[in-house]
Amino acid sequence: MRYWAFLAAKFIAGGLLAGGIAWILARSLPEPDTFMSVHVQPFAGDLIYTFALILYGLFCVGLVYAIIWDQRYRCRTCLRRLRMPIATGSWKNVLLGPPRTEYICVYGHGTLKFSELQITGRQQPDWQKHDDDIWKELFPVEETKN
């Protein structure tokens, strides 16, 4: 639940940022001239206005993409960034093990596996939650040394 609430909060913050930039653009761009007491739409007739709106649209699309991309690489439990990418599988031996990239939560909450090879269509990343602490197996080794 925290994972989706964090995504919603990022979308709200991104919407506020995009709205603030739209407000600044609306106040800073000059008003279009009227032609015979008719208000002309500035989008197709004014090059500066058209260019500013196209850049604004590209900024908004890039902002949504960045929010989604950032959310994919976060732990589903603690919302920290996933670390330690490990390349598994091989491009040479696709039948034995397709190439993948695995990310891990440094606190041991889970592992995220991205498939690099998309033969049968787009595959969703596989999140595997670890019930036990994956670092727990290191403590008995350290205790026996003491």
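A residue counts as buried when its relative accessible area is under 20%. In this predicted model, strand β4 is mostly covered, with four of its five residues buried.

Strand β3 (residues 83–88) runs antiparallel to β4 and is joined to it by four bridges. One of the paired positions is arginine 83, whose bridge partner in β4 is isoleucine 104. β4 also pairs with β5, again in the antiparallel sense, over five bridges. Here tyrosine 103 has leucine 112 of β5 as its bridge partner. β4 and β5 form a hairpin with five residues between them. Glycine 108, in the turn, has a positive phi of about 80°.

## Aromatic pairs

A pair of aromatic rings is described by the distance of the centres and the angle of the planes. The count comes to five aromatic pairs. In one of them, the ring centres of tyrosine 3 and tryptophan 4 are 5.2 Å apart and the planes stand at 85°, so the pair is edge-to-face. Tyrosine 3 has 9% relative accessibility and therefore counts as buried, whereas tryptophan 4 is exposed, with a relative accessible area of 56%.

Tyrosine 103 and phenylalanine 114 also form an edge-to-face pair, at 6.1 Å centre to centre and 85° between the planes. This pair links distant parts of the chain: tyrosine 103 belongs to strand β4 (residues 100–104) and phenylalanine 114 to strand β5, 11 residues apart. Both tyrosine 103 and phenylalanine 114 are buried.

## Helix α3

Helix α3 covers residues 47–72. At 1.5 Å a residue, its 26 residues should span 38 Å, and the end C-alpha atoms are 38 Å apart, which agrees.

The buried residues of α3 are Thr50, Ala52, Tyr56, Leu63, Ile67, Asp70 and Gln71. An α-helix has 3.6 residues a turn, so residues three or four places apart point the same way. Among the buried positions, Ala52 and Tyr56 have this kind of spacing, as do Leu63 and Ile67.

## Leucine 117

Leucine 117 lies in the loop between β5 (110–115) and β6 (126–129). With a relative accessible area of 19%, leucine 117 is buried, because the cut-off is under 20%. Leaving aside residues up to four places away in sequence, leucine 117 touches Trp91, Val94, Pro99 and Gln123. Leucine 117 and arginine 100 are 17 residues apart in sequence, while their C-alpha atoms are 7.5 Å apart in space.

Methods
Residues numbered from 1 in each chain as written. Predicted model: local features only at pLDDT ≥ 70, side-chain atom pairs only at ≥ 80, totals over all residues. Heavy atoms only, no water. Helix = DSSP H or I, 4+ residues; strand = E, 2+ residues; numbered from the N terminus. Expected span 1.5 Å × (residues − 1). Buried < 20%, exposed > 50% of the residue type's maximum accessible area, 1.4 Å probe, protein only. Contact = heavy atoms within 4.5 Å. Phe/Tyr/Trp six-rings, centres within 6.5 Å; stacked < 30°, edge-to-face > 60°. Pairing = 2+ DSSP bridges.
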